Amino acid sequence: MKLREWLEKWNMTSLKIQLPYLEMEWNPQDADKAAAWELYVELLTRITTQPLPDDHGDEETALKSIYAIFGITREVIRKYGPGCIEFTKIAVIVLNQIIRPFTAKWHKLSMSGAFDEDAKRQAFRQDLKALQVELSKYQKMLADISGVEDLTDLQDI
């Protein structure tokens with residue numbers, strides 16, 4: 001299977017990837033599977049994919065949890081090294097194209113006191129819901145790479 005076909009399977013065709021990479025064979029190895037499992041667990045258990053009801057939680061804490069995915073991903077990539085290149089191709093693109101725009105926007109706004117305003121907190125939560133849709137797709141992709149049953153819909157929330 002080509003990378004392009006695999007991304008289409010997960011409705012992630014909006015990712016901007018150079019054509020030569022899209023046409024390459026998608027063939028995750030054991031290190032890719034282990035790396036995907038580690039990040040899958042992180043996404044599955046964080047606000048990155050879990051609901052944040054309006055009357056619960058804290059926007060700043062949610063933002064920090066999402067930002068932590070950068071460090072966690074870097075650590076996983078270093079841990080598994082060049083053996084997890086297929087995982088890395090996807091992980092870096094998701095960090096830079098999906099997560100970074102969200103964290104960059106909301107970090108700057110939070111530094112200027114945005115979370116003190118109800119309208120900004122609500123706007124954050126709306127943006128978070130949109131991000132969670134994309135990260136849920138990514139989470140399911142990670143389950144697929146790691147060869148495990150996806151537990152995304154385990155709970156009835």
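**Terms and their grounds**

User: What does Gln-139 touch, not counting residues up to four places away in sequence?

Analyst: With those neighbours left out, Gln-139 touches Tyr-40, Leu-43, Leu-44, Thr-49, Asp-150 and Thr-152. Here contact means heavy atoms within 4.5 Å. Gln-139 belongs to helix H6, where helices are DSSP runs of H or I with at least four residues, strands are runs of E with at least two, and numbering starts from the N terminus.

The model is predicted: local features need pLDDT of at least 70, side-chain atom pairs count only at pLDDT 80 or more, and totals for chains, interfaces and linings use all residues. Residues are numbered from 1 along each chain as its sequence is written, and side-chain values use heavy atoms, with hydrogens and water left out.

User: Why is Gln-139 called buried?

Analyst: Buried means under 20% relative accessible area, exposed means over 50%, and partly exposed lies in between, with a 1.4 Å probe and protein chains only. Gln-139 has a value of 1%, so it is classed as buried.

User: Why is Lys-137 counted as buried, and why is Val-41 called partly exposed?

Analyst: Lys-137, in helix H6, has 19% relative accessibility, so it counts as buried. Its contacts beyond four places in sequence are Trp-10, Asn-11 and Met-12. Val-41, in helix H3, has a relative accessible area of 30%, which means that it is partly exposed.

User: What makes the pairing of H3 and H6 a packed contact, and what is its handedness?

Analyst: The axes of H3 and H6 are 8 Å apart, at an angle of about 145°. Axes are lines fitted to C-alpha atoms, for helices over the stretch in contact, and angles run from 0 to 180 degrees between N-to-C directions. The contact includes Trp-37, Tyr-40 and Leu-43 from H3, and Tyr-138, Gln-139 and Leu-142 from H6. By class it has 11 nonpolar, 2 polar and 2 charged residues; Ala, Val, Leu, Ile, Met, Phe, Trp, Tyr, Cys and Pro count as nonpolar, Asp, Glu, Lys and Arg as charged, and the others, Gly among them, as polar. The crossing is left-handed, a term used if the near helix is turned anticlockwise from the far one by less than a right angle, with right-handed used if clockwise.

User: What makes a set of residues a nonpolar core, and which residues have the most contacts inside the largest one?

Analyst: A nonpolar core is a set of buried Ala, Val, Leu, Ile, Met, Phe, Trp, Tyr and Cys residues joined through side-chain atoms within 4.5 Å. The largest has 45 residues, and Phe-87 and Tyr-138 have the most contacts inside it. H5 gives the most to this core, with 10 residues. Among the contacts of Phe-87 beyond four places in sequence are Ala-36, Leu-39, Val-76 and Tyr-138. In soluble globular proteins, nonpolar side chains tend to be buried together.

User: How do you know where confidence is lowest and highest?

Analyst: pLDDT is the predictor's confidence in each residue, from 0 to 100. The protein has a mean of 87, and 93% of its residues reach 70 or more. Confidence is lowest in helix H2 (residues 19–22), at a mean of 65, and highest in H4, at 96. Where pLDDT is low, the predicted coordinates should not be read in detail.
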